[in-house]
Amino acid sequence: MNRTTLTFFGAVAALAAVTGVAAVTVPSGTAQTTAKTAERLPVQRSTLVCPPPPSSEVGETTYTAFTPQGKGGANGSQKSTGKPTADMLPVAGPSSGGSGGKKDDKGKDKGKKDSKDSKDPKDSKDPKDGAKPVVSVKEPGKPVTATTDSSDAPALFGSADGALAPGWSVQQTTTISAGSGRGVQGLSCAAPDTSFWFPGASTGKSRQDYAHLTNPDSTPAVVDLELYGKDGRIKAPTGEGINIPPRSTVPVLLSTLTSAPAEDVVLHVAARSGRVGAAVQASDEKTGGDWLPASAEESSGAVFPGVPADATSVRLVAFAPGGSDADLKVKLAGKSSSFTPAGHESLHVKSGMMATADLGDVTHGETGSLLLTSEGGSGKVVAALRVTRGKGDKQETAFIPATRPIEERGTVADNRAKGSTLSLVATSKDAEVKVTSSAGSEGGAPVSKNYTVKAGTTLAVDPPKPGGGKGAFAVTVEKTSGGPVYASRMLALPEGGVPMFTIQTLPDDRGTVEVPEAEQRLSLLND
């Protein structure tokens with residue numbers, strides 16, 4: 001008989017439920033351990049979900065998967081069994097249409113089923129049975145890419161374990177040359193969860209915003225879609241109780257949930273049962289489109305790193321989900337200092353309501369980062385920026401959600417030899433960081449460079465290029481010392497005079513789990 005007692009296991013399980021990280025492994029060969037200080041252990045399993053790419057006959061999507069070197073489950077004192085894997089597999093595909101269906105480039109519905117329609121779970125074939133991975137990482141430090149031009153490519157889900165789990169990331173980048181949603185639509189695939197906030201979504205007449213809900217599990221999930229505006233909750237009864245069958249995706253057109261169009265709304269995706277991956281695909285008739293990722297967890301402040309130097313319009317959308325109003329100071333951290341944008345010294349957000357601010361060309365030719373800080377311990381918010389570059393019929397938009405700081409390490413995949421700009425902002429103290437560009441997907445050697453980010457400033461740099469590398473590469477930022485640091489990457493791929501671009505933030509990859517500072521008793525009895 002084998003018996004294992006872990007007093008900290010509940011804390012690890014709770015973290016797994018929130019982040020998609022499934023497990024850690026305790027160092028082997030210990031009969032009884034009492035720890036007086038906290039210890040960080042590499043995660044042993046990570047889970048990600050990518051939504052289906054935008055539906056376009058003139059689009060091409062590239063997936064880039066990567067795990068940084070170091071902190072792997074088979075390294076150090078970690079015990080690893082079997083060969084590690086990191087595979088992204090296709091889900092069954094969209095399970096409904098109509099209000100939950102996608103539209104083609106001309107705005108016509110591709111299906112007529114109600115978004116609440118569902119199939120019997122017993123009829124849902126597990127895509128893992130015989131399915132081939134779309135993209136697989138074989139070893140840390142080497143990115144892998146896959147490309148599709150299919151207009152009906154499915155969503156992807158998958159997991160990484162062992163040495164491939166800590167920091168595993170997958171980037172989805174779609175380039176659409178014409179039509180609704182024209183531009184570069186990029187997204188860092190995220191872990192499934194039970195709650196997501198999307199400030200900056202829209203039900204306006206010029207926008208087509210779809211919430212893509214993907215269930216990666218073998219049991220059904222039930223989801224509510226809640227909309228909030230400047231006056232509070234918006235009635236959207238058809239968004240309640242949406243059934244997401246196992247291993248399938250349901251796309252929901254947000255404008256079908258309400259009869260009153262609104263330029264800005266806040267979407268809350270809340271799972272009653274199960275868990276889902278969620279992302280909003282935003283398309284505008286005049287300003288192109290991009291993915292709107294979820295905001296970081298509600299907080300008393302917010303940081304939006306990497307507002308482009310040539311931004312012609314910046315719009316802030318904030319929402320206070322708790323029971324208290326939020327009073328926020330607004331600052332922009334520029335190249336050499338922080339300052340308050342004229343006419344936008346503060347923002348008041350009422351509890352349960354949305355507030356917006358048009359900041360215009362707030363960066364004035366220098367890459368900056370918007371900082372929101374609480375005044376007098378007020379309530380918490382979720383928030384996002386909609387950023388526009390270009391003018392007239394040559395405009396393009398992207399989104400920057402509020403993001404978490406890099407506590408240890410953060411990574412973004414799919415960087416190109418031209419067009420990648422890394423932005424770093426230190427909010428309270430100077431920060432030292434190490435930036436590493438991986439080998440390319442077609443060869444080469446990694447290159448690292450150290451930077452100092454001064455407090456209250458934004459440092460914008462071109463990531464170092466891999467030595468002799470070809471193909472896409474990943475960029476990893478490690479904080480080596482100092483205060484909080486936040487990061488984002490802009491990928492600019494201009495075409496036909498249109499400044500097509502996308503921006504992804506680099507939150508901490510949570511590649512390690514901290515064992516609580518408490519007595520940890522491990523008793524291993526072998527018979």
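Partly exposed here means a relative accessible area between the under-20% buried class and the over-50% exposed class. I'm keeping in mind that this is a predicted model.

**Entry 1, Arg510.** I looked up Arg510 and got 27% relative accessibility, so it counts as partly exposed. Its side chain meets that of Glu297 in a salt bridge, 3.5 Å from N to O. I checked where the two sit: Glu297 is in the loop between strand 19 (288-292) and strand 20 (302-307), while Arg510 is in the loop between strand 36 (501-505) and strand 37 (512-515), 213 residues apart. Glu297 is partly exposed too, at 45%.

I found Asp509 in a salt bridge with Arg409, with 2.7 Å between the closest N and O atoms. That pair also links distant parts of the chain: Asp509 is in the loop between strand 36 and strand 37, and Arg409 is in strand 29 (residues 409-415), 100 residues away. Asp509 is partly exposed at 22%, whereas Arg409 is buried at 2%.

I noted a salt bridge from Arg386 to Glu263, closest N and O atoms 3.4 Å apart. Arg386 has 18% relative accessibility, so I log it as buried; Glu263 is partly exposed at 47%.

I get 16 salt bridges.

I placed Ser46 in strand 3 (residues 45-50). Its relative accessible area is 11%, so Ser46 is buried. The Ser46 side chain reaches the backbone oxygen of Ala165 at 3.0 Å.

Methods. Residues are numbered from 1 along each chain as its sequence is written. This is a predicted model: local features need pLDDT of at least 70, side-chain atom pairs count only at pLDDT 80 or more; totals for chains, interfaces and linings use all residues. Side-chain values use heavy atoms; hydrogens and water are left out. Helices (H or I, at least four residues) and strands (E, at least two) are DSSP runs, numbered from the N terminus. Buried means under 20% relative accessible area, exposed over 50%, partly exposed in between (1.4 Å probe, protein chains only). A polar contact is a pair of N or O atoms within 3.5 Å; within protein, one must be able to donate a hydrogen and the other to accept it, and residues adjacent in sequence count only if both atoms are side-chain atoms. A salt bridge is a side-chain nitrogen of Lys or Arg within 4 Å of a carboxyl oxygen of Asp or Glu.
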